[in-house]
Amino acid sequence: MIRPHQLLLGVGAALLAARPALAQAAEANALSSPDSQRTLLWFVLSTLVLVLMVFLLLLVALVSWMRPQLRQLYALPTVHDTWSGRVLGLLVGDARLVQGDVRDELMDHEYDGIHEFDNDLPPWWKYSFYATIVFAIGYVTYYHVLKSGQLQGAEYAAEMQQAALLIAATPDDPNQLTTYQPLLVPAELSSGKAIFATNCAPCHGASGEGKVGPNLTDEFWLHGGEVNHVYKTIKFGVNGKGMVAWKGKLSGKQILQVASYVLSLQGTKPANAKPPQGEKEAPGKPVAKL
């Protein structure tokens with residue numbers, strides 16, 4: 001049987017033998033790597049974890065080796081019923097500190113043939129209950145008496161107010177529609193047509209007849225057919241529907257040009273048009289045609 005002191009000597013010798021190699025590796029990493037501080041930190045942490053594991057291993061081996069002596073010490077009347085003695089009991093297999101005293105004494109009542117034992121509540125349960133009482137007192141004092149912290153309602157209101165300020169400061173608010181009017185100048189619509197042919201035709205067809213995406217030439221719309229709704233759909237996209245957001249690729253003017261061109265396709269009735277999708281909308285303000 002390996003004694004604890006022999007195990008300690010073996011582990012110590014192994015650590016001493018490995019120390020030069022570990023130090024050289026750490027020094028080499030520190031000199032060659034740009035993240036030398038991070039490497040050194042991981043080296044120190046791994047060393048501490050290794051030392052902790054060795055310490056725990058030695059502690060387990062020491063307790064196993066000295067268990068007979070610990071049982072004799074635990075059996076002493078002056079030690080057995082003390083709090084430190086109960087901690088010692090955990091090392092020798094007595095779980096009174098966790099389970100409480102089990103007296104196996106029946107109480108003087110029964111119900112429907114069921115007898116109740118007069119045993120203590122587990123100490124871990126009682127201490128947890130006491131901890132909840134202390135926490136509740138501290139919580140009430142902090143939030144309701146001293147009013148040092150925000151309650152849920154006040155915290156929610158503050159977060160919503162902060163979010164409103166952030167949205168107000170951000171020009172790209174998907175919840176706020178623009179107030180643009182459709183472009184009628186042929187040159188603007190020609191620019192929109194060129195952008196549409198390059199970016200939109202693969203999904204909506206060269207004439208807006210619809211492929212993967214919906215038909216853009218009828219009176220039915222999935223996300224609104226007014227120019228500002230079309231502008232919003234192009235700019236922010238539609239999550240989960242394959243419609244990507246173009247705000248990072250097209251400028252605001254280009255998006256308005258495309259939206260105006262899309263509206264100019266109304267009623268063109270191209271060949272192989274996709275069946276209507278969405279809701280029908282009444283024709284809006286007339287849009288110039290190319």
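## Helix H7 and the residue after it

Lysine 147, which comes just after helix H7, adopts a positive phi of about 55°; helices here (H or I, at least four residues) and strands (E, at least two) are DSSP runs numbered from the N terminus. H7 itself covers residues 123-145, and because its 23 residues at 1.5 Å a residue should span 33 Å, the 31 Å between its end C-alpha atoms agrees with expectation, the expected span being 1.5 Å times one less than the number of residues.

## Basis of the model

The model is predicted, so local features need pLDDT of at least 70 and side-chain atom pairs count only at pLDDT 80 or more, while totals for chains, interfaces and linings use all residues. Residues are numbered from 1 along each chain as its sequence is written, and side-chain values use heavy atoms, with hydrogens and water left out.

## Overall make-up

The secondary structure of the protein comprises 12 helices and 4 strands. Of the 290 residues, 22% are buried, where buried means under 20% relative accessible area, exposed over 50%, and partly exposed in between (1.4 Å probe, protein chains only).

In helix H2 (residues 36-65), 30 residues at 1.5 Å each should span 44 Å, and the end C-alpha atoms, 43 Å apart, agree with this. The buried residues of H2 include Val54, Leu58 and Val63.

## Nonpolar cores

A nonpolar core is a set of buried Ala, Val, Leu, Ile, Met, Phe, Trp, Tyr and Cys residues joined through side-chain atoms within 4.5 Å. The largest has 21 residues, and those with the most contacts inside it are Phe196, Trp221, Val230, Ile234, Val258 and Val262. Helices H9 (186-199), H11 (227-236) and H12 (252-264) are the elements that give two or more residues to this core, with the largest share, 7 residues, coming from H12.

Leaving aside neighbours within four places in sequence, the contacts of phenylalanine 196 (heavy atoms within 4.5 Å) include Leu216, Val258, Tyr261 and Val262. A second, separate core of 6 residues includes Leu70, Tyr74, Val79 and Leu88.

## Salt bridges

The structure holds 2 salt bridges, each defined by a side-chain nitrogen of Lys or Arg within 4 Å of a carboxyl oxygen of Asp or Glu. In one of them, glutamate 188 meets lysine 253 at 3.9 Å, N to O; because glutamate 188 lies in helix H9 and lysine 253 in helix H12, the pair ties together parts that are 65 residues apart in sequence. Lysine 253 counts as exposed, at 53% relative accessibility.

Glutamate 219 forms a salt bridge with lysine 280, with the closest N and O atoms 3.6 Å apart. Glutamate 219 counts as partly exposed at 32% relative accessibility, whereas lysine 280, at 57%, counts as exposed.
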